[in-house]
Amino acid sequence: MGGGGLDPSGRDWEHLGTSWVELGVSLPQPRGIGGNFALGGGIWGTCAPARGDQGHLGITRRPGGVSALAGGLRGALHSNREWVMVWPRAGIDLMGMGSEFTMVEGEDRARKAWNLRRKICEYQETFSVLEKCPKPVIAVVHGACVGAGVDLISACDIRYCAQDAWFQVKEVDIGLVADVGTLQHLLKIMGSQSLINELAFTTHKMMAPEAQSSSLVSRVFADKETLLQGALEVATTIAARSPMAVQGTKVNLLCSWDHPVPKSLCYVATWNMSMLQTEDILKSVQVAMEKKGPEDVPFSKL
């Protein structure tokens with residue numbers, strides 16, 4: 001833990017730092033009512049990456065810039081690291097972000113609507129960069145994951161949580177439609193339209209066991225410490241594999257997400273007609289014949 005300061009609205013926030021050899025992404029989170037964390041306007045529009053000496057990543061504030069969090073994440077996600085981890089424990093800071101939507105510029109209603117749509121699209125891109133990132137993104141959740149927190153983790157590739165975690169699609173309680181990823185991702189992630197409708201219409205609070213049984217998360221850990229340890233072990237396992245294979249696998253999984261099987265097969269055939277020429281295959285086969293593991297192969301970085 002470390003760092004602290006004020007966002008543009010003067011609300012306190014904490015920077016959750018990292019000290020890992022690979023790459024982690026932490027979000028500076030304003031403290032909301034009752035000490036809970038919330039995503040304020042500064043999270044979306046005035047953040048930029050700050051790279052540390054040990055190869056980890058934090059998020060610090062930068063004045064000005066539009067959708068700087070998206071840009072900052074995009075730069076981090078396209079670094080030479082093999083995986084990314086995010087750990088949301090937040091929702092939206094309503095008090096800090098109300099003016100973002102009520103004070104839209106424009107000389108008439110049409111222009112205000114146009115500018116509001118553009119702002120919504122910028123917010124969507126803030127989370128979409130996680131899905132578009134060619135590297136696997138691991139989300140770890142402990143405590144509350146409400147509203148925008150669900151949007152965030154639904155864009156990630158692997159989701160784990162602690163036993164104390166709970167999830168809530170909260171938007172209808174504040175009179176709006178979730179518009180940055182939850183409704184679009186959850187049906188494909190969880191499969192049950194009835195359950196997703198219930199979550200979205202009623203703001204039902206989903207606890208960790210239910211989240212696992214419905215496939216929102218794949219593993220539940222006893223506490224935050226074992227959660228982070230388990231996620232890091234998985235990340236280390238991923239990082240030991242060929243980056244050509246890992247990142248190519250994610251690209252093709254994303255293609256399969258939105259395309260029918262025949263088109264996805266055609267895509268991977270075209271992909272592999274060039275990628276099968278990588279030296280990583282020969283290196284992997286050689287260490288396998290020597291009864292060693294992928295961690296013994298010095299793969300080149302991408």
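I began with Trp271, which is partly exposed at a relative accessible area of 23%, taking buried as under 20%, exposed as over 50% and partly exposed as in between, with a 1.4 Å probe and protein chains only. I note that this is a predicted model, in which local features need pLDDT of at least 70 and side-chain atom pairs count only at pLDDT 80 or more, while totals for chains, interfaces and linings use all residues. Residues are numbered from 1 along each chain as its sequence is written, and side-chain values use heavy atoms, with hydrogens and water left out.

I then looked for the ring partner of Trp271 and found Tyr267, stacked with it at 6.4 Å centre to centre and 25° between the planes. For pairing I required ring centres of Phe, Tyr or Trp (its six-membered ring) within 6.5 Å, with planes under 30 degrees apart called stacked, over 60 edge-to-face and the rest tilted. Tyr267 and Trp271 are four residues apart in helix 11 (residues 261–275), so about one helical turn separates them. Tyr267 is also partly exposed, at 36% relative accessibility.

I checked helix 10 (residues 243–258) against helix 11 and read an angle of about 160° with the axes 9 Å apart, the axes being lines fitted to C-alpha atoms over the stretch in contact and the angle running from 0 to 180 degrees between N-to-C directions. Helix 10 is therefore roughly antiparallel to helix 11, a label I kept for angles over 145 degrees. Taking contact as heavy atoms within 4.5 Å, I listed residues on both sides, including Gly248 and Cys255 of helix 10 and Tyr267 and Trp271 of helix 11.

I counted two aromatic pairs by the ring rule. Tyr160 is buried at a relative accessible area of 5%, and Phe221 is buried at 10%.

I looked for NZ of Lys or CZ of Arg within 6 Å of a ring centre and within 35 degrees of the ring normal. The charged end of Arg219 sits over the ring of Tyr160, 5.5 Å from its centre, and Lys205 lies over the face of Trp166 at 4.1 Å from the ring centre.

Terms used. Helix = DSSP H or I, 4+ residues; strand = E, 2+ residues; numbered from the N terminus. Parallel < 35°, antiparallel > 145°, perpendicular 65-115°, else oblique.
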